[in-house]
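Q: I would like a close look at one part of this model. Please walk me through how its strands pair.

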Amino acid sequence: MDVVFALLWLLAAFLKGILCQGVYAPPAVRIIHSGHACNVEDERYSERVYTIREGETLELVCLVSGHPRPQIRWTKTAGSASDRFQDSSVFNETLRISRIQRHQGGRYYCKAENGLGSPAIKSIRVDVYYLDDPVVTVHQSVGEAKEQFYYERTVFLRCAANSNPPVRYSWRRGREFLSQGSDKGVEIYEPFFTQGETKILKLKNLRPQDYANYTCTASVRNVCGIPDKSVLFQLSNRTASPTIKLLVEDPIVANPGQTVTLVCITSGGEPTPVLTWVRNAEGLPKKSVLNGGTLTIPAISTEEAGVYSCLASNNVGNPAKKSTNIIVRALRKGRFWITPDPYHNDDNIQIGREVKISCQVEATPAEELMFSWLKNGRPLRSSERMVITQTDPDVALGTTNLDIIDLKFTDFGTYTCVASLRNGGIPEISIDVNISSTTVPPSLTVPRGKSPLVTQEGDTVELQCLVSGKPKPIILWSHADKEAPMPDGSMQTESYDGILRIVNVSREMTGTYRCQTSQYNGFNVKPREAIMELIVQYPPAVEPVYTEIRQGLGRAFSLSCRVLRAHPSRVLKYEWKLGTRLLTVGQFDTRDETEYHVKALNREGYGAYTCDITNEAGAGRCTFLVTGKAFGPEFYYDTYSALWQNKPSVYGFKLQWTQMNPNAVDRIMAYRLGIKQTGQQRWWEQEITMEGTIQKGELLTYNLTELVKPEAYQVRLTPITRFGEGDSAERIIRYSAPVNPHWSKFHCNFEEEAICMFTQDKTEEFDWTRHSAATRDTKYTPNTGPSSDRSGSKQGYYMYIETSRPRQEGDKARLLTPLFNVAPKNPYGNVATNPTYCFSFYYHMYGKHIGSLNVYLRQKSQTGQDSSVWTLSGNQGDRWRQARINIHPTSSFQMVLEGIRGPGIEGDIAIDDVTIEEGECRDPPPNSNLRSLAPPTAEHIWQLCLTLLLVLAGHRR
């Protein structure tokens, strides 16, 4: 017995905890659609599919509930890969994509979160339907060398079209429809590997009648209103694949700036081939001009060189292709190196020994490269002691060598290597190399005091290696302690003066650097190198960098500033200030944080507190803004019956909100309310006085009256404390005509053409029809349907489902009532106990093929499926009957009447005199076929708990 009482106590505590939350609620979402949908269906496993035609407008709305107002984010996952809308997610309730394209199909997610519980996520799959123009290609089963290309040969006509859903093909020869088996000389089949995307027409051993016009029609069965598309191909004894000729040389060698023209002509093919030009795997140069088969490239540059191909296609056989290579003359990267006598272990140049001077240039085309040598400006020819050689350009880059045998004093001087192209058009490249007694190998040293080099973050620093020797080589800089790119992004940085300059140095650049000689423009000897260290100091990085603290007067609080990293890590001191007033200073010991305590906050204690933590490189600062400003209000968007009207030209609005963290600062004494019409500049303001202390989650209400219809208004709400004004919040109020203003009973007999604002569910197969017996054709569907409306009048109207063809068994039609608001039962606007309403209507279900009539309750705050509350199937006789159902909605709701077609045409179902009124149904009619699925009310649950408690207490006595 004690266990039972303990469980009841836990239940009461749990319910009390829920009530203490006030109106705060985790988010709930539901996706609705508008725009140009072809169809929306719920598949198995609760997958919603939204079908839309390519080029139409996709519009999805994420209906959200919860308090505070949840933040909404739309994201997308495609069918095979994930992308986030290519640029970014959409933070808005409505996702709108104009002129949607096929690649934009996929699954779209709406995520709502407000910091309470888990985020709410709903998704819908968008299927984009399209049909491209079909293309017919023709192929032959034997070699294509015969003069009569298609005479007595087997020919394949292949028809293909990109589509979604899969396309269906049909063939016609002239006006004759072709099908499998209709002609022994014709076979029609789909290749297995194409999965229905291709249709092939096989003409076996061509006959004279096979030379005709063939039409391939691609169809997606008119889904989304997509029309069929056709293509015509004329097959004759002249039909042939394309052949082409290039009226240019191969290769074409041109100078930079020259205009190059490529001419391609067709030499055969029926139908007439279409010519196109392509360049390698890239596009044509932007400045190129294409005129039929002629491609002109004005002022060609070296970047525009490459292989250009002419393609000819007429959908017969394989496309024809011919290519030519355009070469643009160029000379680049001239460099040299000196190699001492390789037979002696000495890097110096000495009299009586051999020395080699090498000169290298990149040339295009390589076979046109020519070298010549000068000594002191005079031509130099190859001899026994001065040997000039040149490498094969097909083996290596163009290089020439000058070998000086048995070096003499008279050989000292300036040697010049001159590179040029045989056919001219390009400036020469000259490289001077000095050979003298002062020509010595290089050496590298680091200047005194330059390693380690200490600098501070953000400075400009120069790392220097002193280079001696003649000629001075290029110096290569790189990281010595790690494989990482240099500041310019390359793995090695060239320097001609031995200095590496780094602008705006950062802490990541701390490390060891290597400088070494390059082989080029110097001696071809073992590289010389030197190492130096760079140390980058930076001030302390601290947290928090900035934070805002809201406190009421007389309260105690603490501020803490923490060091994350610093170099040098030895921190000198910390300093706390309020504005410019010094509060305290101190030295750091082994700790990495400092705190400042305020025992009782007074008015002078409000302001910006700063903590500066300093080392040799500078200071890091924590900033704390201590303020008594109240947090902003949180508008409540789920108010029941928020808008009302009791005058023709004005309306009222129930403005509701909660206060964010009301106990963080002093008591809120009032709110300043500002209101203005949208688009206007002038604000009207007034104060709303607040009595007592506002509790967290407490719903506050203020009625706005005399708002002019149909204007929208911008509302601003600002809390006021002893400190002054707090944070403001704004929202927009829009007028919408209420569906049921002050309703206690709703009744509709469908006599008006507007049908009382009922709507059709366009996602189902067909609609309900408004009709009267006086205009009904009884000969078409005898033995079914009513002969009058519910009152007995043949001129009276009712709604019914027409089950004649083309309707099929299982087709559904759904009729939705207007949206009804649930009247609030307490001052805060939320429903304390579920109210009861009576939903009643008359139905007529007569005929041997009657299907089913279902009734569902759809609530705005519930994102799942509609709740079934009533169902009836089968023939009920030729008379009107009444159904009455008690419903218990907790939020705005609609009733859904669903008619399902039976197995035949004698299955018309009709409804009339639909009524919704407050309170329980009186004397509901008995019906053995009726099944009520309405959930029990919260009131019944409490009565059960109370009864159980009393029974247990009685047993305890």
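**Strand pairing up close**

A: Start with a facing pair. In this predicted model, His139 stands opposite Phe156 of strand E10. That pair belongs to a longer contact. Strand E9 and strand E10, residues 155–160, are joined by six bridges. The two strands run antiparallel.

Now widen the view. E9 and E10 are part of an open sheet of four strands. The order is E9-E10-E15-E14, with antiparallel pairing. The edges are E9 (135–140) and E14 (186–189). Each of these edge strands pairs on one side only. From one strand to the next, the twist averages 20 degrees.

A second set of pairings lies elsewhere in the sequence. Take strand E63, residues 812–816. Strand E60, residues 759–760, is joined to E63 by two bridges, and the two run antiparallel. Here Gln760 stands opposite Leu815 of E63.

E63 also pairs with strand E68, residues 893–900. Five bridges make this link, again with antiparallel strands. Arg814 has Glu898 in E68 as its bridge partner.

What about burial in E63? Buried here means under 20% relative accessible area. Four of the five residues of E63 are buried, so the strand is largely enclosed by the rest of the structure.

To recap the contacts: E9 joins E10 through six bridges. E63 joins E60 through two bridges and E68 through five.

Terms used: Residues are numbered from 1 along each chain as its sequence is written. This is a predicted model: local features need pLDDT of at least 70, side-chain atom pairs count only at pLDDT 80 or more; totals for chains, interfaces and linings use all residues. Side-chain values use heavy atoms; hydrogens and water are left out. Buried means under 20% relative accessible area, exposed over 50%, partly exposed in between (1.4 Å probe, protein chains only). Two strands pair if DSSP finds at least two bridges between them. Axes are lines fitted to C-alpha atoms, for helices over the stretch in contact, and angles run from 0 to 180 degrees between N-to-C directions.
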